[in-house]
Amino acid sequence: MPVAESVVLGKNVRIFHPDLVNMYRCVIGDDTQIGPFIEIQGNVEIGNRCKIQSHTFICEGVRIEDEVFVGHGVMFINDSYPRATNDEGKLQTGDDWTLLPTLIKQGASIGSNATILGGVTVGRGALVGAGAVVTKDVPDYAVVVGVPAHVVGDTRTKTAP
């Protein structure tokens, strides 16, 4: 079952193609829209009135506040040193790595194909440009672009190159 029974769905959540998503042990807020080909893992919280576009991966430890837009193909990362095996050569378990929580604040927008590294906060009303790689915190209302992402403008004044 693509949408597991462990998922908590708010009122009026729209999952456009429930057979084309993988969601488990997460919380989705009221009036949020979920596109196809999305994985939302356990220990993820998505707020009210969000739009999560197709082909996006939201891993454990991500918290998305209200009114956030997540574009197509956005990738979230939650581990700085991913490995298949531990020091003994056995497949890693949850005890072998450190979860890096990520916070996307209210009203932020993340452009298509952006990558958000673990342990960062994207500020309120901020805009992450398409294809950007966010490696450090993004200030409230900042416009960031590039690899690594850097500030080029302000969403309140709509200044950007």
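This is a predicted model: local features need pLDDT of at least 70, side-chain atom pairs count only at pLDDT 80 or more; totals for chains, interfaces and linings use all residues.
1. Leaving aside neighbours within four places in sequence, isoleucine 64 is in contact with Glu45, Ile46, Gly47, Cys50, Ile52, Ile58, Val70, Phe76 and Ile104.

2. The largest nonpolar core has 38 residues. Ile64 is among those with the most contacts inside that core, along with Met23, Ile40 and Phe76. Which strands each supply at least two residues of this core? They are E3 (21-23), E6 (38-40), E10 (62-64) and E19 (142-145).

3. Now the sheet. There's an open sheet of 8 strands, and if you want to trace it on screen, the order is E2-E5-E8-E11-E14-E17-E19-E20, with mixed pairing. The edges are strand E2 (14-15) and strand E20 (150-154); each has a single partner strand, so one side of each has no neighbour in the sheet.

4. Part of that order can be followed pair by pair. Strands E14 (residues 109-110) and E17 (residues 127-128) run parallel and are joined by 2 bridges. Across this pair, isoleucine 110 is opposite valine 128 in E17. E17 and E19 run parallel as well, again with 2 bridges, and here leucine 127 sits opposite valine 143 in E19.

5. Valine 145 has histidine 150 in E20 as its bridge partner. These two strands make a hairpin with 4 residues between them. Have a look at glycine 146 in the turn, which has a positive phi of about 95°. Remember that E19 also supplies at least two residues of the core from point 2.

6. On to charges. Side chains of opposite charge can pair when their charged atoms come close. How many salt bridges does the structure hold? There are 3. One of them joins arginine 49 and glutamate 67, with the closest N and O atoms 3.0 Å apart. This pair links distant parts of the chain, 18 residues apart: arginine 49 is in the loop between strand E7 (45-46) and strand E8 (51-52), while glutamate 67 is in the loop between E10 and strand E11 (69-70). Arginine 49 is partly exposed, at 42% relative accessible area, and glutamate 67 is also partly exposed, at 37%.

7. Another salt bridge brings together the side chains of arginine 63 and glutamate 65, at 3.3 Å from N to O. Arginine 63 counts as partly exposed, with 38% relative accessibility, and glutamate 65 is partly exposed too, with 22%.

8. Then there's arginine 156, which forms a salt bridge with aspartate 154; the closest N and O atoms are 2.7 Å apart. Are the two partners buried or exposed? Arginine 156 is exposed, at 56% relative accessible area, whereas aspartate 154 counts as buried, at 18%. The cut-off for buried is under 20%, so aspartate 154, at 18%, falls on the buried side.

9. Asparagine 78 deserves a stop of its own. You'll find asparagine 78 in the loop between strand E12 (75-76) and strand E13 (102-104). What does its side chain reach? The asparagine 78 side chain reaches the backbone oxygen of glutamate 60, at 3.0 Å. Beyond four places in sequence, asparagine 78 is in contact with Cys59, Glu60, Trp97, Thr98, Leu99, Leu100 and Gly118.

10. Finally, the cysteines. A disulfide is a covalent bond between the sulfur atoms of two cysteines. A search of the whole structure finds 0 of them. Cysteine 26 is in no disulfide, and its nearest cysteine sulfur, in cysteine 59, is 12 Å away. As for burial, cysteine 26 is buried, with a relative accessible area of 1%, and cysteine 50 is buried with 1%. Cysteine 50 also turned up in point 1, among the contacts of isoleucine 64.

Conventions: Residues are numbered from 1 along each chain as its sequence is written. Side-chain values use heavy atoms; hydrogens and water are left out. Two strands pair if DSSP finds at least two bridges between them. A nonpolar core is a set of buried Ala, Val, Leu, Ile, Met, Phe, Trp, Tyr and Cys residues joined through side-chain atoms within 4.5 Å. Buried means under 20% relative accessible area, exposed over 50%, partly exposed in between (1.4 Å probe, protein chains only). Contact means heavy atoms within 4.5 Å. A salt bridge is a side-chain nitrogen of Lys or Arg within 4 Å of a carboxyl oxygen of Asp or Glu. A polar contact is a pair of N or O atoms within 3.5 Å; within protein, one must be able to donate a hydrogen and the other to accept it, and residues adjacent in sequence count only if both atoms are side-chain atoms. A disulfide is a pair of cysteine sulfur atoms within 2.5 Å.
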